[in-house]
Structures are given as structure tokens and as C-alpha cells.
Amino acid sequence: MPGMVVCGRRWGIASDDLVFPGAFELFIRIIWWTGTLVLYSVHKGRFDCKGGGTLHSYLIVLLVLLAAIILSLCALVYASMQGTIMNARPRRSVPALLCVRAVLCAPELVWACLGAVWVSDESLGCERAVVRAVTSAVVASWILLFFTGVAVLLVLDPLGGCRPARPDPGAERDLESSGSAQLLSGARSVAARVWESRLRLLSCCLPRDDSHHAAFSSIAQLLGDFFWDTDLVASDIAAGLSLLHQEQDKMEQYRDPEEVVAHSPPSLPQEDLQGELERAAHWMPFAMAAYGWPLFVYSNPATGLCKLSGDCCRSRSPEYDIVDADHLGCHFTSMLHTTGLQYRDFIYISFHNKIYEIPFFVALDHKKEAVLVAVRGTLSLRDVLTDLSADSESLPVDGVSGACYAHKGIMQAASYIHRKLINDGILNQAFTIAPEYQLVITGHSLGAGAAAVLAVLLRSSFPGLKCYAFSPPGGLLSKSLANYSKDFTVSVVVGKDLVPRLSIPNMEDLKRRILRMVSNCNKPKYQILLHACWYEVFGGDPDDSPTELENRRQEELSRPLLGEESLLLHRSSSYQSLASEDSPGHGSQPPLYLPGRILHVTEEGPARRACFSQVKYRAEWSSEMAFCSVFISPRMLTDHMPDVVLRALQSLTQDSAFSLCPTPHSDTNHLNVI
């Protein structure tokens with residue numbers, strides 16, 4: 001539900017978020033109260049020491065104070081367990097109970113100070129066990145008070161004091177009143193400023209220049225526009241994602257095996273698929289090598305450090321002149337190990353990293369007779385900011401009709417590499433050495449997106465170039481550019497990888513689906529989250545939560561509503577309107593798609609398998625329209641990891657591993673391997 005309103009401001013926590021923290025504190029308080037009661041009973045209230053009288057009074061008041069806190073916590077937890085996510089009426093008493101609990105912090109603070117004074121000044125002559133018990137109680141008081149203060153800071157919503165009431169979905173389109181237009185504009189401006197402040201705080205260690213300022217402003221505006229009308233707290237989103245994951249699993253269980261994606265690509269020759277898989281498996285290690293030593297150590301946890309340690313601290317030899325910003329040589333050494341190339345095969349290596357400027361290297365691969373440009377993926381906060389600059393920017397290309405747009409941050413990163421390759425004569429140097437070689441561009445994740453855009457920029461100068469983009473970002477190229485790139489770009493996606501499905505329209509669609517799930521679910525949030533934890537860890541049947549929306553509406557029509565109850569029902573109805581399938585997104589961004597032809601590699605068999613069981617992979621040509629929705633899965637992040645992509649490709653291309661996987665619709669479009 002929307003954030004709870006306490007003390008006249010909205011907080012980043014809902015009234016049903018207090019079940020688990022309240023139950024945890026209740027458990028601690030009961031143990032504390034029981035221990036204090038045992039201590040008092042054993043001594044029967046008599047303490048023969050200098051501060052015995054003060055200690056007697058301290059324990060009596062502490063027992064009473066702890067009892068009051070326990071009672072308030074019991075009431076708070078019970079009230080927070082009532083109702084559903086969007087039906088907050090049964091939890092109307094939670095703000096008042098929370099205020100009572102907050103008021104009890106004042107006497108607890110006073111008593112913690114009194115206990116500290118007694119321990120330091122008046123505990124002489126008392127039994128050591130008594131002093132230790134009181135000291136533990138004082139320390140526990142200060143710890144709980146400290147974490148309470150931290151929790152208040154964490155749930156503080158910077159927009160809570162100035163957030164306007166959420167408008168109806170149609171309000172933004174009906175701005176006849178200049179006052180309402182000003183209200184919406186002001187709300188968005190405040191949200192953008194808050195997001196910009198957050199970004200600056202997270203990036204406080206980065207040097208500041210014009211590109212940083214422009215990136216912060218662009219990203220803040222994008223995030224502000226995306227979140228400004230979604231009045232949900234983090235736990236609501238977690239519950240919605242869990243419900244959505246289980247709903248998708250149910251749909252997958254009951255899907256007809258004969259069902260084929262509506263936007264399936266035209267059939268392509270089996271030899272073409274097999275050849276592209278083999279080439280992709282060859283180029284993937286080069287995309288991994290661009291990450292340098294961090295990924296090498298991650299992929300080789302047992303031996304990685306040992307293999308690099310001999311070269312990392314060695315003084316730089318003349319061949320290291322091709323390496324920019326790698327003072328220890330660790331990156332270069334890891335590249336030699338990963339690619340199997342010799343140092344003389346590298347033309348240029350750059351580890352220069354800023355916003356919109358990402359590392360890359362150029363090398364000669366004599367095995368495939370190619371001049372290779374490999375671009376690094378996301379590995380730093382600067383790269384994350386480049387990823388988040390997701391506005392569309394014009395990318396005109398001669399001979400391409402239709403709208404030509406690309407992801408702004410990735411396009412600028414590709415333009416930076418393009419300038420280095422052409423203006424600094426790097427490609428000219430490479431083709432002077434090997435004039436008959438073919439140009440190949442590759443990368444993973446952010447590097448895959450930059451490689452695909454770079455291939456578009458270089459195609460006119462190098463008509464025979466090829467690009468292999470591994471796990472590229474989804475919102476990358478407009479439809480016309482995506483179609484144009486199919487002649488020279490192959491995108492490889494593994495499983496339910498989240499990144500190739502990330503785009504502004506997809507995120508708007510995900511937001512609407514989450515809102516629909518939390519609005520319609522008839523179970524309390526704590527039950528949803530408990531079942532979600534069990535389901536994600538141990539599996540089982542997906543939750544089948546019936547819809548309560550219509551029943552709630554009928555219930556509301558049968559009796560008059562007053563004040564806050566009417567507001568809650570209005571909010572619920574507004575969420576339903578926003579979550580409807582026909583509700584448009586708020587942004588005016590054109591849709592962007594994956595580049596080139598898409599090779600989709602998936603695991604066959606049950607969704608959950610034993611850790612050491614044999615994996616069965618399947619490869620098929622797919623369409624960009626198959627990635628126009630986000631799938632929630634425990635593997636949506638692990639499927640993106642470069643070592644997982646390499647392992648899948650190597651499994652598909654091992655000797656004698658290929659076998660046809662016929663379907664009723666096509667005999668030539670799939671490969672299957674165990």
C-alpha cells in the first residue's frame with residue numbers, strides 16, 4: 001500500500017511492514033523481561049551493596065517499562081498483520097500504536113542513562129553477576145535505541161513532507177487548469193532533485209565534471225518520471241515480484257508444448273545456427289578478457305591469484321606500452337591467460353574509465369584472421385551511470401529509413417571508442433599489419449551494447465565487419481536500426497537473463513503488472529513474503545491467490561465510507577486504473593530493441609534441478625519481440641554472468657554434441673545438447 005502517514009508526513013514503510021521487525025523486537029524484549037524478572041526474584045528485591053536501593057528502583061521501573069513495550073509491540077504486530085496490501089482499513093490503528101511505541105523510547109533512554117550511571121558509580125560491592133546483568137541490560141538498551149534511530153533514517157522519505165496526493169490517471173492529460181499543471185510539474189521537479197541528490201551521494205567519490213553533471217541530471221529526470229506516480233514501498237514491490245514470479249511459473253507449467261511464440265523469426269538454415277554458435281563460443285572469451293583481472297579471478301577462484309601474482313608486481317617491459325592505465329600489468333596478464341594470444345598480438349588496450357568512456361582493447365586473432373575490438377561490460381560505478389542514461393538519442397545512418405535512435409549512454413560510449421579507433425589511427429595500424437583480416441567487434445552486457453552501436457557506426461567503412469553481442473541491454477536500438485544490424489550482428493542471450501529485457505517500456509509494463517498483483521491479492525503481505533521465501537528456496541507449488549477486488553468493491557458499496565476509508569478506496573481504484581492493460585506509460589520514449597539476429601540459449605528440463613545434475617541446453621533463433629517482457633526468476637541475474645554464457649556456449653559446441661531438436665513447426669531452427 002502507499003507509505004504510512006505518521007506525524008504529518010509520508011514514510012517509506014507501510015502499515016503492514018511491522019510484522020517481522022516487531023516480532024523480532026518482541027522476542028528480544030520477552031527474553032530481556034524474563035531475565036530481569038529472574039534477577040529480581042532471585043535476590044527478592046534486596047541488594048546488599050552501595051547502590052542497592054537505586055538498583056532496586058531501577059529494576060522495578062525497568063520491568064514495568066519492558067512490560068509496557070511488550071504490550072505495545074503485541075498490539076502493533078497484531079494490527080500490522082490485518083488486512084491485505086491495498087486494504088489498509090483493518091490497520092487504521094497502526095500509526096497511533098507506532099506513536100505509542102515511539103513515546104516509550106523516551107523513558108527507555110532515560111533509564112538507559114540511569115543504568116549506565118549506576119554501573120559506573122554505584123555498583124561497588126554488588127555481586128559480579130548482578131553488575132554483569134545490569135550492564136547487559138544497559139548495553140541492550142543502547143543497541144536497540146541506536147538501531148531504532150538507524151531504521152527511522154532508512155524509512156525516511158525525502159518527498160514525504162511535500163508529496164502531493166496521487167492524481168487520477170487521467171489528471172495528467174486534463175491540464176486545463178494552470179494550477180494543476182504547476183502541481184504536477186512541481187512534483188516531478190522535486191522528485192528529480194531528490195534522485196539527483198541520491199546519485200550525487202552515491203557517487204561522492206567520483207571526480208566532478210560536465211559529463212557527470214549532465215549524466216546525473218538525465219538519470220534523475222528518468223528515475224523521477226518513472227517513480228513519481230508509484231506510491232508503493234519496497235516491501236510492496238518485493239511482494240509483487242514474488243506473486244508475479246509464481247504467476248509466470250504457473251503459466252509456464254500449463255503452457256501447451258505445441259505453443260510457439262507469436263513473433264517467431266523466419267526459419268534459418270541449421271548450418272547457419274551451428275556455425276554462429278561455434279563462432280560465438282570462440283569470441284566469448286575475448287569479451288570476458290576485456291573485464292581484466294577481476295573476472296579472471298572470479299572465474300578461477302582456486303588458481304586465478306596464483307597465475308597472476310607473478311606478473312602483477314613485475315616492472316613494466318616495453319611491450320606494456322600498448323596498455324593504458326594498467327600500472328601493475330594484472331589486467332594485461334589476465335588477458336593473455338584468457339585469450340591465449342601473445343603480447344605481440346595486442347594492438348591497443350585501454351582501461352581508461354569515465355562516464356560514457358569505457359575500456360576496450362584491439363588485438364589480432366590469427367586463428368580466425370580477424371582484427372578484434374572487445375569492449376568491457378559494467379564493472380564500475382561510472383559504468384552503472386552509463387547504463388542508467390537510458391534516454392533515446394538520435395543516431396542517423398545513411399541508407400536506413402525510419403526513426404533511428406539508440407540508448408543515449410551506450411551510444412556516447414560507442415562514439416568515444418569510435419573516435420579513438422579512427423582519430424588515433426588504431427584500426428589503421430591493425431589493418432596495416434594484417435590488411436586481409438576481417439573486423440570483428442564483441443563485448444558482454446554494457447560492452448555488448450557499445451559493440452553493437454560501434455558496429456553500426458563502422459559498417460559504412462568496413463562492410464564486412466561482424467559483431468557478436470553477448471547479453472546486450474534490451475533497450476538499445478530503434479526498430480529500423482535493429483533490422484539494419486541483422487546483416488552483421490548476432491546477439492546471444494542465455495535463459496531468463498534480465499538485462500536483455502531491460503528497457504523503459506518493459507519496466508513500465510513490469511510496474512503495471514506489479515501494481516495489478518498487489519491490488520488484487522487477498523492475502524496479508526507477511527504471508528506472501530513467507531511463502532515467497534519458502535518457494536524460492538525449497539520450491540513447491542506456486543501461490544494461487546484469488547482476487548478480492550470485486551468482493552471489496554461490493555463490500556464498500558453496501559455501507560457509507562468516511563474520511564480515511566474513502567481515501568484508501570480511492571487510492572486502490574486509482575492503482576487499478578494505472579495497472580490496467582490499456583494504461584499508457586508516462587514516458588514519451590520510443591521503444592528500443594535488441595540488436596541483430598538473436599540466438600537464445602536455454603536450459604531444458606525442470607526449472608529446479610540438483611546442483612551437480614547434468615545440464616541440457618537448447619539453442620534457437622529468436623525474435624526481438626520475444627524479449628518485450630521481463631521474466632522474474634532466481635536465475636535472471638546468474639544467467640547474465642559471462643562465465644555462465646561461456647559455459648553454455650562451450651556445452652553446445654563440444655565435439656559430437658549437436659543433435660537436432662525437431663518441433664512440429666520447424667525441423668531446422670533448433671539445436672539440442674546434453
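**Ground rules**

This is a predicted model, in which local features need pLDDT of at least 70 and side-chain atom pairs count only at pLDDT 80 or more, while totals for chains, interfaces and linings use all residues. Residues are numbered from 1 along each chain as its sequence is written, and side-chain values use heavy atoms, with hydrogens and water left out.

**Record against model**

I looked up the unreviewed UniProt entry, which lists residues 18-43, 55-78 and 131-156 as "transmembrane region"; such annotations may be inferred rather than shown by experiment, and the positions are given in the numbering used here, with feature names shortened. In the model, residues 18-43 are 92% helix and 0% strand, with end C-alpha atoms 37 Å apart, and residues 55-78 are 100% helix and 0% strand, with end C-alpha atoms 34 Å apart. Helices (H or I, at least four residues) and strands (E, at least two) are DSSP runs, numbered from the N terminus.

**Helix 2 and its partners**

I took the pair of helix 2 (residues 52-80) and helix 5 (residues 128-154), whose axes come within 13 Å and cross at roughly 45 degrees; axes are lines fitted to C-alpha atoms, for helices over the stretch in contact, and angles run from 0 to 180 degrees between N-to-C directions. That makes helix 2 oblique to helix 5, since angles under 35 degrees count as roughly parallel, over 145 as roughly antiparallel, 65 to 115 as roughly perpendicular and the rest as oblique. L55, Y58 and L62 in helix 2 meet V130, V134, A137 and V138 in helix 5, and the residues of this contact divide into seven nonpolar, no polar and no charged (Ala, Val, Leu, Ile, Met, Phe, Trp, Tyr, Cys and Pro count as nonpolar, Asp, Glu, Lys and Arg as charged, and the others, Gly among them, as polar).

Next I checked helix 2 with helix 3 (residues 94-103), which pack at about 160 degrees with axes 9 Å apart, so helix 2 is roughly antiparallel to helix 3.

**Helix 8 and helix 18**

Last, I found that the axes of helix 8 (residues 234-253) and helix 18 (residues 504-520) come within 8 Å and cross at roughly 95 degrees, which makes helix 8 roughly perpendicular to helix 18. The residues of their contact divide into eight nonpolar, two polar and three charged, among them D236 and E247 in helix 8 and R513 in helix 18.

Notes. Contact = heavy atoms within 4.5 Å.
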